[in-house]
Amino acid sequence: MWKDFFYYSKSERRVILLLMIIALLLLAVWAGIHWLYPSSAPVGLSDSEEVNSFVAGLKEKEKKTHTLYPSKRKARIVLQPFDPNTADSLTLSKLGLPAFIVRNILKYREKGGIFRSPEAFSRIYGLQAEQFQALKPYIVIAEPTKVNTIVSDTFRQVRDTVPYIPKYPEGTVVDLNKADTSVLKRIPGIGSGLARMIVSYRQRLGGFYDVAQLQEIPHIDAGMNRWFTVVPGVLQKIQVNRASLERLKIHPYMNFYKAKAILEYRRKRGKIKSLSQLSMLEEFSEKDLKKLSPYLSFE
């Protein structure tokens, strides 16, 4: 067929080529339009019926759900005799009281409140006058018991059995390094807690060398110092060249880094003979050494 094409004249061949090009252009335009604007297939009758059936099923299911589980069910009110001092939340709710009023009643009772008359119950926050008038014939308040009186008497008896600790008169002076907790509690302003803190701190220090060291304990001011004195020469000293890391760092004026520095110095240079050697360690300031000096032994 292509061979016959060359038997046409030159002008005839041009016309045929032009027609073929036009046909190709039209075909390309038609394909482009369908690609840019695809037409959706129409829903057949069977498809439409299937959609309608599905929607109807959903509506029927929703109707059954609302019938079986109503969104808001009105609670049934049951008026019956009740004691506002003992009735639980369920009983109060059945009387038709809203939840917030029930909470107010329970909170009032938790704080020790007692309804001694129906009029006292009427003053509960949120309770309307109409609600109170409807409930008033059913309010039954039991006679007050002697429980509170019994509890008060019990506490009074316990208090009376605790021995009274007389305080020292003004001008009394106590040895700070020898006083135990029973002696310390007799000082005005010192109770059991502070007495235990003083004894515990004294044990960690190894004894007090100055009454002013009391201010290193929380809640003890300088005004307390007038009750104490310190006898010199009773301190428990730390053997710097023998003490372990645990023994060194437990002292209030030490810490892990100071104790570690002492052990490293002993390991590298041998025994420590004086404070001057410790002063070369950056972990110890002049203030640290001044506080520590009464507790250190270089034997």
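Asp175 is buried yet has no salt bridge; the side chain of opposite charge nearest to it, Lys178, is 4.2 Å away. Buried here means under 20% relative accessible area, exposed means over 50%, and partly exposed lies in between, with a 1.4 Å probe and protein chains only. A salt bridge needs a side-chain nitrogen of Lys or Arg within 4 Å of a carboxyl oxygen of Asp or Glu. For charge, Lys and Arg count as positive, Asp and Glu as negative, while His and the chain ends are not counted.

This is a predicted model, in which local features need pLDDT of at least 70, side-chain atom pairs count only at pLDDT 80 or more, and totals for chains, interfaces and linings use all residues. Residues are numbered from 1 along each chain as its sequence is written, and side-chain values use heavy atoms, with hydrogens and water left out.

Asp175 sits in strand β1. Leaving aside neighbours within four places in sequence, Asp175 contacts Thr229, Val230 and Val231. Contact means heavy atoms within 4.5 Å.

Arg202 has no salt bridge either. Its nearest side chain of opposite charge is Asp175, 7.0 Å away. Beyond four places in sequence, Arg202 touches Leu176, Asn177, Lys178, Ala179, Gly207 and Phe208.

Now the whole chain. The protein has 14 helices and four strands. These are DSSP runs numbered from the N terminus: helices are H or I with at least four residues, strands E with at least two. Of the 299 residues, 25% are buried. Take the contacts between residues at least 6 apart in sequence: 49% of them join residues at least 24 apart.

Next, the interior. In soluble globular proteins, nonpolar side chains tend to be buried together. The largest nonpolar core in this model has 40 residues. Such a core is a set of buried Ala, Val, Leu, Ile, Met, Phe, Trp, Tyr and Cys residues joined through side-chain atoms within 4.5 Å. Leu184, Ile187, Ile190, Ile198, Phe208, Leu214 and Phe228 have the most contacts inside the largest core. Helices α10 (192-205), α12 (256-269) and α14 (286-292) each supply at least two of its residues. The largest share, six residues, comes from α10. Ile190 touches Lys167, Leu184, Lys185, Ala195, Ile198, Met224 and Phe228, not counting residues up to four places away in sequence. A second, separate core holds 16 residues, including Ala87, Ile101, Phe115 and Phe121.

Leu19 lies in helix α2 (residues 10-36). Its relative accessible area is 54%, so Leu19 is exposed.

Which charged pairs do meet? The count comes to five salt bridges. One of them joins Arg226 and Glu170 at 2.7 Å, N to O. Arg226 is in the loop between α10 and β2, and Glu170 in the loop between α8 and β1 (174-175), so this pair links distant parts of the chain, 56 residues apart. Glu170 is exposed, at 57% relative accessible area.

Lys136 pairs with Glu119, with the closest N and O atoms 3.7 Å apart. Lys136 lies in the loop between α7 (129-135) and α8 (147-161), and Glu119 in helix α6 (residues 118-122), so the pair ties together parts that are 17 residues apart in sequence. Lys136 is partly exposed at 35%, and Glu119 is partly exposed at 38%.

Lys249 and Glu246 also form a salt bridge, at 3.5 Å from N to O. Both lie in helix α11 (residues 245-249), three residues apart, about one turn of the helix. Lys249 is partly exposed, at 31% relative accessibility.

Finally, the backbone. Most residues other than glycine have a negative phi. His219 has a positive phi of about 70 degrees although it is not a glycine. His219 is found in the loop between α10 and β2 (228-229). At 71% relative accessibility, His219 counts as exposed.
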